[in-house]
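The answers set each value against its definition.

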Amino acid sequence: KTIEEILHDLKVNVQIARIGPNNWEVEEGNATIKIRFNAENLFVTCDAFLCQLPKDDIGDLYEFLLRENAKMKYTLFSVSGNNIVIGSVFYETDIERTLGQKIFKSVFEEADTYQKLLIEKYHCRPRLQES
């Protein structure tokens, strides 16, 4: 319920975003942000797979991601397989609407911005869209 209240506060159409009982997807620019609530361990994840690692010369890219992680307040970059991910993980009981709005808004805004930057400046490869 709290997740849907937060999404509603952020002007997201909850009925369209809901893709399952504890799963939502939000489109922000070219990025798709997935929000999941795990009822077993009570963790909420909010993440976006931005792009794929470039084939060559990833040293500068990794340095950039680590530097950005040090600056970020609500989000972090990670690498999953060959994909660069931006997101946030928090415990369900730690969330309230105001903090949730800040966390989700950060992921929403940063996902589209960083996706473009990583592709243009660091030659990351666009992700293939799931069908």
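Q: How confident is the predictor in the chain on average?
A: The chain averages a pLDDT of 89, and 97% of the residues score at least 70, where pLDDT is the predictor's confidence in each residue, from 0 to 100. This is a predicted model, in which local features need pLDDT of at least 70 and side-chain atom pairs count only at pLDDT 80 or more, while totals for chains, interfaces and linings use all residues. Residues are numbered from 1 along each chain as its sequence is written, and side-chain values use heavy atoms, with hydrogens and water left out.

Q: How do you know that the span of α3 agrees with what 13 residues should give?
A: The expected span of a helix is 1.5 Å times one less than its number of residues, so the 13 residues of α3 should span 18 Å, and the 19 Å between its end C-alpha atoms agrees with this.

Q: Which residues of α3 are called buried?
A: They are Leu 61, Phe 64, Leu 65, Glu 68 and Asn 69, buried meaning under 20% relative accessible area, exposed over 50% and partly exposed in between (1.4 Å probe, protein chains only). Because these residues cover an arc of only 135° around the axis, they lie on the same side of α3, the arc being that of the directions from the helix axis to the C-beta atoms. On the other side of α3, Leu 66 and Ala 70 are exposed.

Q: Why is Lys 102 called partly exposed?
A: Its relative accessible area is 42%, and therefore Lys 102, which is found in helix α4 (residues 97–122), counts as partly exposed.

Terms used. Helix = DSSP H or I, 4+ residues; strand = E, 2+ residues; numbered from the N terminus.
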